[in-house]
Amino acid sequence: MIVGIDLGTTNSAIARWGDGAPELIPNSLGDFLTPSAVSLTDDGDVLVGMAARDRQSVYPDRTATAFKRLIGTQKPILFGTTRFTAEELSALVLKSLKADAERHCGEAVTSAVITVPAYFSDRQRKATRRAGELAGLQVERLVNEPTAAALAYGIADREDRDPFLVFDLGGGTFDVSIVEIFDGVIEVRASAGDNRLGGEDFNEVIAGIAKERLRLPLGTAQAKLREQVRAAAERTRRALSEADSATFDIVWQDELLSTEITAEQFEAAAAPLLDRLREPVLRAMRDSKLHADAMSEIVLVGGATRMPIVRKAVTRMFARFPNATVHPDHAIALGAGVQAGLRERRADLAEIRLTDVCPFSLGVDVMARDASGAAHGGLFQPILERNTVLPASRVHRFVTAHAQQKKVEFGIYQGEARTVAANIQLGSVEIAVPPRAAGEIAIDCRFTYDVSGLLEVDVTVPATGEKRLVVINDGDGLDAAEAEERRAALAALKIHPRDQAANQALIARAERCFESFVGERRALAGQLLAHFEGVLATQDPRAIAEAMALVTDQLDAIEGERYL
Ligand code: ADP
Ligand code: MG
């Protein structure tokens with residue numbers, strides 16, 4: 001079976017092509033969204049999802065979230081003395097989703113379509129692909145998230161050809177894409193974004209207000225307090241999606257601290273973030289040369305677009321109401337499910353082809369001479385410009401810069417900056433040239449880039465027929481043996497037994513409530529925890545199921561209903 005996976009910064013979801021429509025697959029807790037969180041227990045067991053998310057406030061240094069922001073880097077994420085890369089943690093999330101789907105569907109999951117933000121770099125895409133492989137999935141294709149959103153909104157079946165805009169604000173990333181359908185082809189005309197903007201930043205706004213009013217000592221040494229504040233901010237912010245004001249409350253050093261925050265205060269404090277939503281929108285419109293009026297509609301994606309202040313900002317920006325008919329945090333997984341169906345060549349799906357655009361410019365470094373003839377090196381010459389439709393192949397002709405030079409070396413870069421120093425170097429290629437006067441020898445440099453993210457750089461010297469080809473790959477310096485070692489290390493990790501996932505998640509939630517409240521609510525959380533652990537010890541499945549329902553109800557009463 002092929003599945004479609006939205007591997008999100010905050011939440012992940014998995015879908016498949018069902019009876020003529022994509023359908024989400026619930027995890028072992030019955031939820032469609034699985035928090036992209038990993039926690040390590042004292043026994044060395046790995047917990048993924050809600051249980052891990054709920055452990056974050058109680059065990060902040062044994063829990064990781066939002067690691068998608070680090071994917072493509074080798075930065076170690078530490079759990080005590082155990083270290084992981086973002087890619088490995090992502091693999092654990094994917095593994096968990098795969099296991100959930102296999103359990104739910106009673107079928108082996110062999111392959112997946114995984115979504116990535118449209119502007120993910122080559123390196124981030126490769127790392128995502130590797131995470132899938134580490135999880136034991138054959139990664140059929142990476143699909144840009146806005147493309148998946150377009151599939152979920154059923155835009156492919158529509159008659160009109162007008163382009164539309166996908167506005168995706170998730171937990172940690174903001175993506176704007178202009179998408180067009182043409183003869184059954186979905187084309188992302190332009191994409192822009194800010195990979196440092198999302199719901200988490202809005203949490204910080206709430207935390208900022210609370211910190212000032214409650215004089216919280218949010219210093220660097222207070223990891224636990226910071227995490228508690230974050231969780232409280234998240235609760236307050238979600239409550240503000242439903243009401244005009246909400247209470248922020250936390251327990252610190254046995255004292256209940258609370259303050260009332262109104263939607264207006266939130267909106268005013270979040271103004272700088274709301275402003276930052278404009279720039280990527282403008283950039284996408286500039287790149288596609290399409291004006292806001294040309295957009296047939298504005299499609300909302302990502303859980304953070306449920307914030308009324310965000311909807312208001314979008315409405316103001318476009319002078320019309322956005323479309324949010326598909327559940328904003330399910331849209332991308334559903335679209336990935338459509339794509340999974342297409343890969344399975346399901347007859348009930350009309351032929352839709354996807355085109356992707358290159359989300360960044362790719363090029364080489366060149367030298368230029370100024371009016372006085374002085375040479376300036378290190379300038380970026382794009383060969384494939386961002387938003388070129390893929391697959392693409394472009395050639396650029398260069399000439400030698402110096403008299404009698406014997407070779408030419410091109411640095412290969414990705415980015416948008418004028419100087420290569422500010423861009424990302426992907427590799428380099430060198431070729432011999434016959435020594436002649438400056439400018440006499442031509443060198444053709446061809447860049448070929450396809451949807452799977454493979455870049456080929458092909459350099460030829462027409463005068464001699466000399467050729468060089470480099471294929472840009474991972475660039476993370478891991479050799480095959482190291483990669484195998486990491487795979488084995490990951491496979492050896494003890495994953496917490498699935499049939500206990502719900503119990504574990506409930507315990508983590510009760511522990512978090514115990515730490516978050518004082519007085520009656522704390523006492524009740526303590527009693528519930530003791531009761532539940534007692535019933536678990538009896539190993540009587542019926543009693544456990546009853547206790548679980550009771551404890552869940554009571555915790556809902558303490559802190560309001562679960563939000564997932
Ligand atoms: P990602 O794509 O980053 O994984 P999601 O699309 O799942 O993220 O969105 C997660 C974000 O959505 C979180 O920051 C969360 O706080 C926010 N969110 C979800 N539901 C609501 C809500 N009802 N009100 C406000 N924010 C919400
Ligand atoms: Mg998302």
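Predicted model: local features only at pLDDT ≥ 70, side-chain atom pairs only at ≥ 80, totals over all residues.
**Exercise 1. Which parts of the chain does the pair aspartate 444 and arginine 397 tie together?**

Step 1. Aspartate 444 and arginine 397 form a salt bridge, and the closest N and O atoms are 2.7 Å apart.

Step 2. Strand S25 (residues 442-449) holds aspartate 444 and strand S22 (residues 392-399) holds arginine 397, so the pair ties together parts that are 47 residues apart in sequence.

Step 3. Aspartate 444 counts as buried because its relative accessibility is 15%. Arginine 397, by contrast, has a relative accessible area of 53% and is therefore exposed.

**Exercise 2. Are arginine 130 and glutamate 87 buried or exposed, and which helices do they tie together?**

Step 1. A salt bridge joins the side chains of arginine 130 and glutamate 87, at 2.9 Å from N to O.

Step 2. Arginine 130 lies in helix H3 (residues 122-134) and glutamate 87 in helix H2 (residues 86-105), so the link is between parts 43 residues apart in sequence.

Step 3. Both arginine 130 and glutamate 87 are buried.

Step 4. The count for the model comes to 26 salt bridges. Glu200, Glu227 and Arg230 are linked in a network of such bridges.

**Exercise 3. How are helix H14 and helix H15 oriented, and what kinds of residues make their contact?**

Step 1. The axes of H14 (residues 519-538) and H15 (residues 541-559) come within 10 Å and cross at roughly 170 degrees.

Step 2. Angles over 145 degrees count as roughly antiparallel, so H14 is roughly antiparallel to H15.

Step 3. On the H14 side the contact includes Leu524, Leu528 and Phe532, and on the H15 side it includes Ala547, Val551 and Leu555.

Step 4. The contact residues divide into 14 nonpolar, two polar and one charged.

**Exercise 4. How far apart are the C-alpha centres of domain 3 and domain 4?**

Step 1. The domain assignment gives domain 3 as 362-476 and domain 4 as 499-558.

Step 2. The C-alpha centres of these two domains lie 62 Å apart.

Conventions: Residues numbered from 1 in each chain as written. Chains lettered and ligands numbered in written order. Heavy atoms only, no water. Salt bridge = Lys/Arg side-chain N within 4 Å of Asp/Glu carboxyl O. Helix = DSSP H or I, 4+ residues; strand = E, 2+ residues; numbered from the N terminus. Buried < 20%, exposed > 50% of the residue type's maximum accessible area, 1.4 Å probe, protein only. Domains from an automatic or database assignment. Axes fitted to C-alpha atoms, helices over the stretch in contact; angles between N-to-C directions. Parallel < 35°, antiparallel > 145°, perpendicular 65-115°, else oblique. Contact = heavy atoms within 4.5 Å. Nonpolar A, V, L, I, M, F, W, Y, C, P; charged D, E, K, R; others polar.
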